[in-house]
Amino acid sequence: MGFYPSVAGSIPIGEKTDFTFYGIYWTQDVLAGKQGGFNLLTEFGFGLNFLMLDGAAYLNPNIGFGHGNYQSGGGRAVVGDNIVASIYAGYSLDNFNITPGIMYYKNLRNEGKNTPLYHLFEYFLKFNYSFSKYVTAGIFFDHYLWGEDYSNIYPNKDKIKFNTFYFVFGPEVSLKFKDNASVTFSLGPNLVDHLNKADNKKVRDYYKLSTTVGF
């Protein structure tokens with residue numbers, strides 16, 4: 001995947017509604033740049049979180065904006081490189097938890113002809129069980145796709161071809177420390193070659209480490 005620090009928070013604005021906000025600093029490696037270092041895309045967004053079923057479920061739609069030169073053609077870094085629509089949900093029953101999410105990233109501006117205008121789409125689903133207030137484990141599924149739009153380079157070529165960046169599933173374990181920090185480790189097979197119909201198909205490895213600290 002790569003390294004992408006993020007922050008998120010919420011402010012209550014009603015008995016069952018919160019104003020939510022977030023920020024993500026996407027680095028080159030996580031965006032498939034493979035150049036190392038820190039550059040390309042800074043994203044921020046906001047939304048509303050709706051609590052339902054006496055707090056057992058939530059629905060959180062968001063709208064975000066990226067700033068850089070990743071999706072707008074690879075020209076100069078700009079404000080509004082992309083626009084991001086996302087929606088997350090969750091449901092808890094006793095110690096069982098279900099968490100789905102969908103994200104779509106689209107270029108907001110056309111500022112260069114160095115690279116195509118990228119479209120990114122991701123959806124995931126998680127099932128886990130809380131064995132205690134310190135240990136949660138379960139399974140996850142995650143599919144991340146990217147599409148190339150060459151209309152900024154070739155005006156008559158307006159078709160977008162989507163390919164899989166990764167298609168993974170497997171176990172996930174979270175360890176919580178006190179009340180404000182946790183570490184989550186996910187791993188499993190990556191079937192990207194099979195979905196992209198590669199000539200030499202291999203089952204690739206996927207692993208992800210996430211750390212959360214509350215303030």
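At 10% relative accessibility, Glu 172 counts as buried, where buried means under 20% relative accessible area, exposed means over 50% and partly exposed lies in between (1.4 Å probe, protein chains only). The model is a predicted one, in which local features need pLDDT of at least 70 and side-chain atom pairs count only at pLDDT 80 or more, while totals for chains, interfaces and linings use all residues. Residues are numbered from 1 along each chain as its sequence is written, and side-chain values use heavy atoms, with hydrogens and water left out.

Glu 172 has a charged partner: its side chain meets that of Lys 126 in a salt bridge (3.5 Å, N to O). A salt bridge here is a side-chain nitrogen of Lys or Arg within 4 Å of a carboxyl oxygen of Asp or Glu. The pair links distant parts of the chain, with Lys 126 in strand E7 and Glu 172 in strand E9, 46 residues apart. Strands (E, at least two residues) are DSSP runs numbered from the N terminus. Lys 126 is partly exposed, at 28% relative accessibility.

A search of the whole structure finds four salt bridges. Arg 76 forms one with Glu 111, the closest N and O atoms being 3.5 Å apart. Arg 76 lies in the loop between E4 and E5 and Glu 111 in the loop between E6 and E7, so this pair ties together parts that are 35 residues apart in sequence. Glu 111 also meets Arg 109 in a salt bridge (3.1 Å, N to O). Through shared partners, Arg 76, Arg 109 and Glu 111 join into one network. Arg 76 is exposed, with a relative accessible area of 51%, whereas Glu 111 is partly exposed at 26% and Arg 109 is partly exposed at 27%.

Turning to the overall fold, eleven strands form an open sheet in the order E1-E2-E3-E4-E5-E6-E7-E8-E9-E10-E11, with antiparallel pairing. Two strands pair if DSSP finds at least two bridges between them. Strands E1 (6-12) and E11 (204-213) stand at the edges with a single partner strand each, so one side of each is left without a neighbour in the sheet. E1 is hardly covered, as the count of buried residues among its seven residues is zero. E1 and E2 form a hairpin with four residues between them, and their antiparallel pairing runs over seven bridges. Within this pairing, Gly 9 has Phe 21 in E2 as its bridge partner. Further along, 14 bridges join E7 (residues 117-130) to E8 (residues 135-149), and Leu 117 stands opposite Asp 149 in E8.

Asp 18 is buried yet has no salt bridge, and the nearest side chain of opposite charge, Lys 16, is 12 Å away. For such charges, Lys and Arg count as positive and Asp and Glu as negative, while His and the chain ends are not counted.

Nonpolar residues complete the picture. The largest nonpolar core has 16 residues, of which Trp 26, Tyr 105, Leu 120, Tyr 166, Val 168 and Tyr 206 touch the most other members. Such a core is a set of buried Ala, Val, Leu, Ile, Met, Phe, Trp, Tyr and Cys residues joined through side-chain atoms within 4.5 Å. E2, E6 (96-107), E7, E8 and E9 (160-177) each supply at least two residues of this core.
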